[in-house]
Amino acid sequence: MRTNNAAITAVHGYVPDYVLTNKELESMVETNDEWIESRTGIKERRIVKDKDKATSDMCVEVVKGILQKSGTSAEEIDLIIVATVTPDMVFPDTANTVADKCGLTNAWGFDLGAACSGFLYGLTTGAQFIHSGMYKKVIVIGADQMSSIIDYTDRATCIIFGDGAGGVLLEPNSEGYGFQDAILDSDGSGRDILHMKAGGSLKPTSAETVANKEHFVYQEGRSVFKKAVKGMIGSTSELLARNNMSVDDVDWMVPHQANIRIINSVADGLNCPMDKVMLNIHKFGNTTAGTIPLCLWEYEKKLKKGQNIILTAFGGGLTWGSIYLKWAL
Ligand code: UT7
C-alpha cells in the first residue's frame with residue numbers, strides 16, 4: 001500500500017443562479033421541451049448572465065468552499081490545476097488568475113484541456129504530485145462557462161450545454177484511501193467531430209471567422225454519441241478487470257453528464273443498476289469539465305468512507321477514460 005495515496009479531502013461546486021429552461025429555449029430556437037427532455041434528459045441548465053464574470057469567477061467560489069470546508073489556509077496550497085475549454089483568456093491560464101484572486105500565494109498552476117474528460121486528466125495529473133511526495137495540497141477543478149462558446153441560434157448544441165464548476169482538494173493518505181487507478185485514452189483523429197473551428201493558430205480570429213460563426217462549439221452529435229458509449233464502457237471494463245473487480249464491487253458510478261441516453265447505455269453495457277449512478281444532467285445540462293466534480297459535490301452526503309467510486313468521461317479530442325477511487329472522507 002502506498003503511504004502517500006492522493007485522497008480527496010474536500011469537494012465543492014458552484015453553478016450560477018440564472019436558470020435557462022427548455023421553455024425559454026423554445027423562444028430562441030425551433031425546439032420543444034418534450035424533444036429536449038426525451039432526447040437528452042435535460043430540463044434546465046445554469047448560465048452566467050453577468051457580462052463581467054468568467055470561468056475564473058466560478059473557480060474562485062469552488063476554491064473558497066474547499067478551503068473553508070477543509071480548514072485549509074490559502075497559503076498552504078501547493079498547486080492548482082484548472083481543467084477547462086473556456087479559459088478567461090487564451091493566455092494567461094485561468095489557474096493563474098484563480099490563484100491570484102484567492103490568495104494562493106505559494107501555489108503555481110496551469111490549465112488543462114481535454115474537454116469533457118478534463119477533470120479526469122486533471123485529477124490523474126494532480127494525484128501524481130501527491131504520490132511522488134512532491135506536494136501535500138493540490139486543488140483540481142473542472143470548470144466551464146459553456147455559454148461563452150455556444151451559438152444560441154443552433155438548436156443542435158444550445159440545448160445541451162450549461163455553465164458550472166466543481167473541484168477537489170487532494171492530500172496524502174496513508175490508509176490506502178483515495179486515487180487507486182486510472183485508464184485514460186485519446187484519439188486525435190476524431191478531432192473534427194467535436195471542436196471549435198477558429199480562434200487557434202490554425203485559423204486565427206478574423207472578421208470572416210466571426211461572420212461564419214466559427215468560434216462556437218461544433219459537434220456531430222450522432223458520431224460522438226456512439227463513440228462516447230463505446231469509450232466509457234471500454235475504459236471502465238478494462239479498469240475493473242485490471243483491479244479484479246466486478247460492477248458489484250462498485251458503490252458509485254459517476255459518468256460524464258452529456259446525455260441521459262448515453263448514461264443509460266453505459267450503465268446497461270456495464271450491467272450497473274441506475275441507483276448507483278450519479279446524475280445532475282436534468283438540472284445542469286452538460287457542463288463539460290464540470291459535470292463529474294459537480295456530481296461528487298451534490299452526492300457528498302451520501303458517500304461513505306471506503307466506498308469504491310468509478311469516474312468515467314468522454315469528450316472532444318477525442319478524449320476518454322475512467323478513474324477508480326476509494327472515498328476517503
Ligand atoms: O460532452 C461531450 C460529448 N458530447 C456528447 O456526448 C453528445 C453526444 N450527442 C448527443 O447527445 C445527441 O446526438 C444530441 C443530443 C446532440 C442530438 O440527439 P440525436 O438523437 O442524436 O438527434 P439527431 O442529431 O440525430 O437529430 C434527430 C432529429 C433531426 O431531425 P430529422 O433530420 O430527423 O428530421 C434534427 O434536426 O432531431 C432534430 N433536432 C431537433 N429537434 C428539436 C436536432 N436538435 C433538435 C432540437 N429540437 N433541439
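A: A salt bridge here is a side-chain nitrogen of Lys or Arg within 4 Å of a carboxyl oxygen of Asp or Glu. The model is predicted, so local features need pLDDT of at least 70, side-chain atom pairs count only at pLDDT 80 or more, and totals for chains, interfaces and linings use all residues. Residues are numbered from 1 along each chain as its sequence is written, and side-chain values use heavy atoms, with hydrogens and water left out.

Side chains of opposite charge can pair when their charged atoms come close. The salt-bridge rule gives a count of 12. One of them joins Lys23 to Glu26, with the closest N and O atoms 3.3 Å apart. Both residues sit in helix α1 (residues 22–26), 3 residues apart, so about one helical turn separates them. Helices (H or I, at least four residues) and strands (E, at least two) are DSSP runs, numbered from the N terminus.

Now the domains. Domain 1 covers 5–176 and domain 2 covers 180–326. These bounds come from an automatic or database domain assignment. Taken over C-alpha atoms, the two centres are 14 Å apart. Domain 1 puts 47 residues into the contact, and domain 2 puts in 46. Contact means heavy atoms within 4.5 Å.

How much area is buried between domain 1 and domain 2? About 3,600 Å², with 63% of it from carbon and sulfur atoms. Buried area is the accessible area (1.4 Å probe) that two parts lose on being put together, summed over both. In domain 1, the residues that lose the most area to domain 2 are Cys116, Leu120 and Tyr121. Together they give 17% of what that side buries.

3 salt bridges are counted between domain 1 and domain 2. In another salt bridge of the model, Glu175 pairs with Lys305, and the closest N and O atoms are 3.7 Å apart.

Which elements give two or more residues to the side of domain 1 that touches domain 2? They are β1, α2 (33–40), β3 (44–47), α5 (118–131), β6 and β7. β1 gives the largest share, 6 residues.

Two strands pair if DSSP finds at least two bridges between them. Ile81 has Val140 in β6 as its bridge partner.

Axes are lines fitted to C-alpha atoms, for helices over the stretch in contact, and angles run from 0 to 180 degrees between N-to-C directions.

A second open sheet has 4 strands in the order β8-β13-β12-β11, again with mixed pairing. β8 (178–186) and β11 (252–255) stand at its edges with a single partner strand each, so one side of each has no neighbour in the sheet. The twist averages 10 degrees from one strand to the next. β8 and β13 run antiparallel, joined by 8 bridges. Ser186 has Thr319 in β13 as its bridge partner. Helix α5 lies across β8, β12 and β13, at about 130 degrees to β8.

Last, some backbone details. Most residues other than glycine have a negative phi, and most peptide bonds are trans. Ala114 has a positive phi, near 70 degrees, and sits in the loop between β5 and α5. A cis peptide bond joins Gly317 and Leu318, with omega about -5 degrees. Leu318 is in the loop between β12 (308–315) and β13 (319–326).
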